[in-house]
Amino acid sequence: MTQRTTAGTPTSGGAVTLRVTGTDEEIEVRPAKLVVAGYTGRDEAAVAEHIRELEAIGIPAPPSVPTFYDLDPALLTTGPTAAVSGAATSGEVEPVVIRHDGRYFLGVGSDHTDRELERTSIHGSKAACAKPVGPRVAEIGTDLPGLPWDEITAESHVDGAPYQRGVIAALRHPADTAERMTAALGEITGDLVLFCGTLPLLDGTFVHGTRWRLRLGLPDGTELTHAYQAQPADLPTR
């Protein structure tokens, strides 16, 4: 039996309860899949250069570009703390597309990652940390291609210092990313949570911080925000 929760808190089995901005509608999302998309930049030459830079510090090249990491939905959390595997971890701001009952929503999240483990297993490094998502989302509707992607801004702070800032036009539109995901993983039925990629770091260096703040700014003035604290703890494995 599922334990009843307040809006914005995790329930059992990776489900999360979210509120829709503007209407305050409450939705309970039970993802059949949690997928983190990597290397989703539109500029393929820049993505290739970034992969070479990562290889130079010991992080292996992905098997494909973009690439898709199929993770345990139990890693999702909207709480104020996020379980991580140790001190050498870091987060990043990401637009998150959520499909629920045939409708699409946009949220803000963090693909928190174990940077030490990333040198030997990228999938393992992502599975080693919770995936925070903000408790409020904006409704896109049933037409994912209609999302005004290029006008959305994103930023993150770590321990009070600016970490990322820019427009997400640099990332593939989620309609394109979702199509490529289906080609890679097969058709996904039921609820879906898709992390759509991130922006470059302001100074190009990972920070293993504790307190993270995330923000997406939509063209109509809506802001999607989340703040969490990384906390070492045991995590589910898959």
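Which residue stands opposite isoleucine 27 in E2? Leucine 18 does. The views below come from a predicted model, in which local features need pLDDT of at least 70 and side-chain atom pairs count only at pLDDT 80 or more, while totals for chains, interfaces and linings use all residues. Residues are numbered from 1 along each chain as its sequence is written, and side-chain values use heavy atoms, with hydrogens and water left out.

**View 1. The hairpin of E1 and E2.** Strands (E) are DSSP runs of at least two residues, numbered from the N terminus. Two strands pair if DSSP finds at least two bridges between them. Strand E1 (residues 16-20) runs antiparallel to E2, and four bridges join them. Five residues lie between the two strands, and glycine 22 in the turn has a positive phi of about 90 degrees. Strand E2 (residues 26-29) has a covered face with Ile27 and Val29, and an uncovered one with Glu26 and Glu28.

**View 2. Strand E15 and its partners E3 and E8.** Here, buried means under 20% relative accessible area, exposed means over 50%, and partly exposed lies in between (1.4 Å probe, protein chains only). Strand E15 (residues 191-195) is largely enclosed by the rest of the structure, because five of its five residues are buried. Asp191, Val193 and Phe195 point one way from E15, and Leu192 and Leu194 point the other way. In a regular strand the side chains alternate between the two faces of the sheet. Strand E3 (residues 31-38) pairs with E15 in the parallel sense over five bridges, with proline 31 opposite aspartate 191. Strand E8 (residues 93-100) pairs with E15 in the antiparallel sense over four bridges, and isoleucine 98 stands opposite valine 193.

**View 3. Arginine 103 in strand E9.** Strand E9 spans residues 103-110. Arginine 103 counts as partly exposed because its relative accessibility is 22%. Not counting residues up to four places away in sequence, arginine 103 touches Glu25, Ile98, Glu139 and Gly141 (contact means heavy atoms within 4.5 Å). The side chains of arginine 103 and glutamate 139 are joined by a polar contact of 2.9 Å. Such a contact is a pair of N or O atoms within 3.5 Å; within protein, one must be able to donate a hydrogen and the other to accept it, and residues adjacent in sequence count only if both atoms are side-chain atoms.

**View 4. An open sheet of five strands.** The strand order is E6-E17-E16-E13-E14, and the pairing is mixed. Strand E6 (81-84) and strand E14 (161-167) are the edge strands, each pairing on one side only. Strand E13 (residues 153-158) and strand E16 (residues 211-217) run antiparallel and are joined by six bridges. Leucine 216 in E16 is the bridge partner of alanine 154.

**View 5. The aromatic pair of tyrosine 163 and tryptophan 212.** A search of the whole structure finds one aromatic pair. Rings of Phe, Tyr and Trp (its six-membered ring) pair if their centres lie within 6.5 Å; planes under 30 degrees apart count as stacked, over 60 as edge-to-face and the rest as tilted. Tyrosine 163 lies in strand E14 and tryptophan 212 in strand E16, so the pair ties together parts that are 49 residues apart in sequence. Tyrosine 163 and tryptophan 212 are both buried.
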